[in-house]
Amino acid sequence: MFRESIAPSDPCPCGSTAAYRDCCGRLHAGLAEAGTAEELMRSRYSAFVAGDSAYLLRSWSSETRPRSLELDPEQQWEGLEIVRVVRGGANDTAGTAEFRARFRTGGAAQEQHEVSTFVREDGRWVYRGALALR
């Protein structure tokens, strides 16, 4: 089931050492924008943990964003591993982040392995899509 809320003082689900309020929580609340593609990718993972489809849609490129997003309430997200990040820094306009996200559905352990692409739209980082893995 979705975590209905993440307490501000809880460790951030993205794997940083910061509290949720000081990390992804400020992005989810609209108090800040991601400074890098990796920060956006981490905040999107945390949004999956929290079941925050509104943030996921807000942080999606207008060119590829679906009209709606239904998250699976049976998914229990268990961890994020950053494999590599290419570009996507404060001075870049595009970047990629390869990651593995572990989750359970119906008690079965699963993994999402993806290379996500990110671009800047109107000066802010957004998720564009996923590249096929070879």
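In this predicted model, strands β3 and β4 form a hairpin with two residues between them. Aspartate 122, which lies in the turn, has a positive phi of about 50 degrees. The two strands run antiparallel, and seven bridges join β3 to β4, the latter covering residues 124-131. Within this pairing, valine 115 stands opposite leucine 131 in β4, while glutamate 121 has arginine 124 in β4 as its bridge partner.

Strand β3 also takes part in a hairpin with β2, again with two residues between the strands. Here the turn contains glycine 106, with a positive phi of about 60 degrees. Strand β2 spans residues 94-105 and β3 spans residues 108-121; they run antiparallel and are joined by 12 bridges. Threonine 105 stands opposite alanine 108 in β3.

| Hairpin | Bridges | Turn residue and phi |
|---|---|---|
| β2 and β3 | 12 bridges | glycine 106, about 60 degrees |
| β3 and β4 | seven bridges | aspartate 122, about 50 degrees |

**Aromatic rings**

A search of the whole structure finds five aromatic pairs. In one of them, the ring centres of phenylalanine 48 and tryptophan 77 are 5.5 Å apart. Their planes meet at 50 degrees, so the pair is tilted; an angle over 60 degrees would count as edge-to-face. This pair links distant parts of the chain, since phenylalanine 48 belongs to helix α2 (residues 37-50) and tryptophan 77 to strand β1 (residues 76-87), 29 residues apart.

Phenylalanine 118 and tyrosine 127 provide another pair, with ring centres 5.9 Å apart. Because their planes stand at 65 degrees, the pair is edge-to-face. Both phenylalanine 118 and tyrosine 127 are buried.

Ring pairs also link Tyr45, Phe48, Trp77 and Phe103 into a cluster. A contact of another kind involves arginine 44, whose charged end sits over the ring of tryptophan 60, 5.0 Å from the ring centre.

**The largest pocket**

The largest pocket holds about 240 Å³ of space. It is lined by 14 residues, of which Arg44, Phe48, Phe99, Gln112 and Glu114 are the closest to its centre. Helix α2 and strands β2 and β3 each supply at least two residues of the lining. By class, the lining comprises nine nonpolar, three polar and two charged residues.

**Cysteine 12**

Is cysteine 12 buried or exposed? Its relative accessibility is 5%, so cysteine 12 counts as buried. Cysteine 12 and arginine 42 are separated by 30 residues in sequence, yet their C-alpha atoms are 9.6 Å apart in space.

Technical notes. Residues are numbered from 1 along each chain as its sequence is written. This is a predicted model: local features need pLDDT of at least 70, side-chain atom pairs count only at pLDDT 80 or more; totals for chains, interfaces and linings use all residues. Side-chain values use heavy atoms; hydrogens and water are left out. Rings of Phe, Tyr and Trp (its six-membered ring) pair if their centres lie within 6.5 Å; planes under 30 degrees apart count as stacked, over 60 as edge-to-face and the rest as tilted. Helices (H or I, at least four residues) and strands (E, at least two) are DSSP runs, numbered from the N terminus. Buried means under 20% relative accessible area, exposed over 50%, partly exposed in between (1.4 Å probe, protein chains only). A charge sits over a ring if NZ of Lys or CZ of Arg is within 6 Å of the ring centre and within 35 degrees of the ring normal. Two strands pair if DSSP finds at least two bridges between them. On a 1 Å grid over the protein atoms alone, a cavity is a set of points where a 1.4 Å probe fits but cannot get out, and a pocket is an open set with protein on both sides within 12 Å along at least five of seven lines; lining residues have an atom within 4 Å of a point. Grid points are joined across faces, edges and corners, and a volume is the space filled by probe spheres set on the points. Ala, Val, Leu, Ile, Met, Phe, Trp, Tyr, Cys and Pro count as nonpolar, Asp, Glu, Lys and Arg as charged, and the others, Gly among them, as polar.
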